[in-house]
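Here is a note for a colleague who is opening this entry for the first time. Please read the points with the structure in view.

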Amino acid sequence: MTHQPVDTKYSPEARDIYFTIPNLISALRIISIPFITALISHHQMIAALSLIAISSASDGVDGIIARKFNQVSKIGQILDPLADRLLIICSILALGLAGIIPMWMLIVVGLRDLWMAIQVLWLAQYGYGPLPVHFVGKAGTALLMISIVALIVADLGTSAFFHTLYLAALAAGVWGIAMYWLAGYIYTRQGVTLLRKELGEKYGA
């Protein structure tokens, strides 16, 4: 019997199309990230917040367009989360360069994303697409983004309010990183389960 390695549970149906409006929006989000990084690192926070707001709004719009007009694509399933990951890692880098957060936060987040990238490439060798986003991963990403935005706002002033906001944002960032890694552990277990199944069927284990 012919084995089909693609598990529909983990690989939502998508088309082999490239030139779509959602993919263009995702590409523009990625292009905007270096500008956001430069603005944050030079403490130009109002402009940085404006770009982040536009990027966040477009993130929801591209998904709606993709589903409504049947433009869900395989490359889009990669570009969209890639834009999210790059925005987070580059924003954390910029906040570190600006002296707003400790650089260890960048290292911890970067290591997690590096491991996830390796796993995606590994699974792709067996025909599997990206794993479905877990609630813990969504929560961790949301906490990190809230923390990043709050840290940017906190840099706008020096009063007690801004200092309190800074401490709260830093705490949210630490919790976000913890959930980020917990999600990475969940994704790793899912990936290992798929690979064991794949190798077991291949070698009759």
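1. Between domain 1 and domain 2, 17 residues of domain 1 are in contact with 19 residues of domain 2; contact means heavy atoms within 4.5 Å. The assignment places domain 1 at 14-99 and domain 2 at 102-204, and such bounds come from an automatic or database domain assignment. Taken over C-alpha atoms, the centres of the two domains are 16 Å apart.

2. The model is predicted: local features need pLDDT of at least 70 and side-chain atom pairs count only at pLDDT 80 or more, while totals for chains, interfaces and linings use all residues. Residues are numbered from 1 along each chain as its sequence is written, and side-chain values use heavy atoms, with hydrogens and water left out.

3. Domain 1 and domain 2 bury about 1600 Å² between them, and 84% of this lies on carbon and sulfur atoms. Buried area here is the accessible area (1.4 Å probe) that two parts lose on being put together, summed over both. Arg85, Ile88 and Ile92 supply 31% of the area that domain 1 buries against domain 2, more than any other three residues.

4. Which side chains form the salt bridge? Those of Arg85 and Asp113 do, at 3.9 Å from N to O. The term requires a side-chain nitrogen of Lys or Arg within 4 Å of a carboxyl oxygen of Asp or Glu. Between domain 1 and domain 2 the count is one salt bridge.

5. Three residue pairs are in polar contact between domain 1 and domain 2, both residues being at pLDDT 80 or more. A polar contact is a pair of N or O atoms within 3.5 Å; within protein, one must be able to donate a hydrogen and the other to accept it, and residues adjacent in sequence count only if both atoms are side-chain atoms. H2 and H3 each supply at least two residues of the side of domain 1 that touches domain 2. H3 gives the most to that side, with 11 residues.

6. Helix H2 (residues 45-68) has 24 residues and spans 35 Å from its first C-alpha to its last, close to the 34 Å expected at 1.5 Å a residue. The expected span is 1.5 Å times one less than the number of residues. Helices (H or I, at least four residues) are DSSP runs, numbered from the N terminus.

7. Among the buried residues of H2 are Met45, Leu49, Ile52, Asp62 and Ile65. Buried means under 20% relative accessible area, exposed over 50%, and partly exposed in between (1.4 Å probe, protein chains only). The buried residues of H2 pack against helix H1 (21-41), helix H3 (74-97) and helix H5 (135-154).

8. Ser26, in helix H1, is buried at a relative accessible area of 2%. Leaving out residues up to four places away in sequence, Ser26 touches Asp62, Leu79, Asp80 and Ala83. Ser91 lies in helix H3 and is buried at 1%. A polar atom of the Ser91 side chain lies 2.6 Å from the backbone oxygen of Leu87. Beyond its neighbours within four places in sequence, Ser91 is in contact with Ile36, Ile40, Leu86 and Ile148.

9. Most residues other than glycine have a negative phi. His43, in the loop between H1 and H2, has a positive phi near 60° and is partly exposed at 39% relative accessibility. Just after H2, Asn70 also takes a positive phi, of about 55°.
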